Amino acid sequence: MTNNKNISVITTFRNFEASDALKGTAEEKVVACLQKFVHHDTEAHLVLNVEKTRQIAELTFHADGADFQAKEESPDMYSSIDK
């Protein structure tokens, strides 16, 4: 029996130009990670924000009756997303 969960990611870019490559990479990583832990269809909100030298990735989602939030920052957006 296959458990097909639909995980949709809404991505917001703040203070820098959106790129399809960055958006695609970020959303793929979020979906791959959440598929391991959530049990139902889930909508996640990803905010990618640049504040001077700080590259911040912030993820929020609701699953199994609880709200979850993760936030990481580094000098590189791809590193922030990976964390």
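**Exercise 1.** Determine whether Asn 15 is buried or exposed, and then find in which loop Asn 15 lies.

*Solution.* Start with accessibility, for which buried means under 20% relative accessible area, exposed over 50%, and partly exposed in between, with a 1.4 Å probe and protein chains only. Asn 15 has a relative accessibility of 61%, so it counts as exposed. The model is a predicted one, in which local features need pLDDT of at least 70 and side-chain atom pairs count only at pLDDT 80 or more, while totals for chains, interfaces and linings use all residues. Residues are numbered from 1 along each chain as its sequence is written, and side-chain values use heavy atoms, with hydrogens and water left out. Next, locate the residue among the helices (DSSP runs of H or I, at least four residues) and strands (runs of E, at least two), which are numbered from the N terminus. Asn 15 sits in the loop that runs between strand 1 (7–14) and helix 1. Finally, look at the backbone: although Asn 15 is not a glycine, its phi is positive, near 70 degrees.

**Exercise 2.** Carry out the analysis for Lys 52, stating its place, its phi and its accessibility.

*Solution.* Lys 52 belongs to the loop between strand 2 (42–51) and strand 3. The phi of Lys 52, which is not a glycine, is positive at about 55 degrees. With a relative accessible area of 81%, Lys 52 is exposed.

**Exercise 3.** Identify the residues of the largest nonpolar core that touch the most other members, and then list what Leu 48 touches.

*Solution.* A nonpolar core is a set of buried Ala, Val, Leu, Ile, Met, Phe, Trp, Tyr and Cys residues joined through side-chain atoms within 4.5 Å. The largest core has 18 residues, of which Val 30, Leu 34, Leu 46, Leu 48, Phe 61 and Ile 81 touch the most other members. At least two residues of this core come from each of strand 1, helix 1, strand 2, strand 3 and helix 2. If residues up to four places away in sequence are not counted, Leu 48 is in contact (heavy atoms within 4.5 Å) with residues including Phe 13, Phe 16, Leu 22, Ala 26, Ile 56, Met 77 and Ile 81.

**Exercise 4.** Describe where Gln 35 is placed, and which residues Gln 35 is in contact with beyond its sequence neighbours.

*Solution.* Gln 35 lies in the loop between helix 1 and strand 2, and at 40% relative accessibility it counts as partly exposed. Leaving aside neighbours within four places in sequence, Gln 35 is in contact with Lys 5 and Ile 7. The C-alpha atoms of Gln 35 and Asn 6 are separated by 8.7 Å, with the two residues 29 residues apart along the chain.
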